[in-house]
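Please walk through the fold shown here with me, sheet by sheet and then helix by helix.

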Amino acid sequence: MTDRGDTALEMFKASPPNLILLDIMLPGIDGWQVCREVRKVSNLPIIMLTAKDSETDKILGLELGADDYVTKPFSVRELTARVKALLRRAAPAESADGIIKVGNITIDSGNYEAFRNGEKLQLTLKEFELLKLMASTPGKVLTRDFLLDRIWGYEFYGETRTVDVHIRHLRMKLGDDQYMIETVRGVGYKMKATRD
């Protein structure tokens with residue numbers, strides 16, 4: 001958590017959160033610009049939480065990409081309900097039996113298996129973990145540092161190039177569906193279910 005717009009963007013790039021609560025009147029860069037920059041690379045939920053309550057401000061916030069707009073003063077219960085609703089909509093598409101489906105890809109978390117159009121993919125453990133993590137957060141940009149930390153762990157002393165090499169191998173194994181793993185230049189990767 002931070003009270004500066006520029007710091008918030010740095011934190012987002014280093015380790016994307018599950019949801020952003022964003023005030024408009026921030027030092028450094030304002031909330032409008034933070035929202036605009038986040039939306040260039042990510043679809044993660046954004047709630048504008050601000051004292052600016054004019055209709056024009058609300059429309060601008062939503063047009064810039066905010067998912068919700070809450071004005072002060074607000075009820076903590078109402079805000080909590082709105083946060084839960086947005087997180088439910090953005091939740092991973094994993095069923096109770098550990099199955100994740102994105103496009104033509106099916107991932108069986110319990111058995112460490114992944115399938116493309118019903119055919120089993122021959123993945124290494126790291127490739128499987130990368131695919132599962134990205135499929136669990138479709139549309140969300142995952143930075144190279146975040147992937148390195150989550151898949152290889154904090155004790156790993158390699159470089160982010162390791163992630164790129166594994167992504168390249170994973171794409172080759174996805175064949176015609178390799179478009180699902182999109183490179184976000186200078187940031188990392190995201191998974192999408194359909195071609196643009």
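In strand β7, E119 is the bridge partner of R116, and β6 and β7 pair in the antiparallel sense over two bridges, where two strands are said to pair if DSSP finds at least two bridges between them.

The model is a predicted one, in which local features need pLDDT of at least 70 and side-chain atom pairs count only at pLDDT 80 or more, while totals for chains, interfaces and linings use all residues. Residues are numbered from 1 along each chain as its sequence is written, and side-chain values use heavy atoms, with hydrogens and water left out.

β6 and β7 belong to an open sheet of four strands in the order β4-β5-β6-β7, with antiparallel pairing. β4 (99-102) and β7 (119-120) stand at its edges with a single partner strand each, so one side of each is left without a neighbour in the sheet. Further inside this order, β5 and β6 pair in the antiparallel sense over four bridges, and T106 stands opposite F115 in β6. The hairpin of β5 and β6 has four residues between the strands, and here Y112 takes a positive phi near 50°.

Y112 also takes part in an aromatic pair with F128, which is tilted, at 5.3 Å centre to centre and 45° between the planes. Rings of Phe, Tyr and Trp (for Trp, its six-membered ring) pair if their centres lie within 6.5 Å, and planes under 30 degrees apart count as stacked, over 60 as edge-to-face and the rest as tilted; by this rule the count comes to one aromatic pair. Because Y112 lies in the loop between β5 (105-108) and β6 (113-116) and F128 in helix α5 (residues 125-136), the pair ties together parts that are 16 residues apart in sequence. Helix α5 lies across β4, β5 and β6, running at about 110° to β5, where axes are lines fitted to C-alpha atoms (for helices over the stretch in contact) and angles run from 0 to 180 degrees between N-to-C directions.

Another open sheet has three strands in the order β1-β2-β3, with parallel pairing. Its edge strands are β1 (20-22) and β3 (68-71), each of which pairs on one side only, and neighbouring strands are turned by 20° against each other on average, direction ignored. Strand β2 (residues 46-50) and β3 pair in the parallel sense over four bridges, with D68 in β3 as the bridge partner of I47 and V70 as that of L49. Helix α2 (residues 31-41) lies across β1, β2 and β3, running at about 180° to β2.

R144, L147, L148 and W152 of α6 meet T162, V163, D164 and H166 of α7, contact meaning heavy atoms within 4.5 Å.
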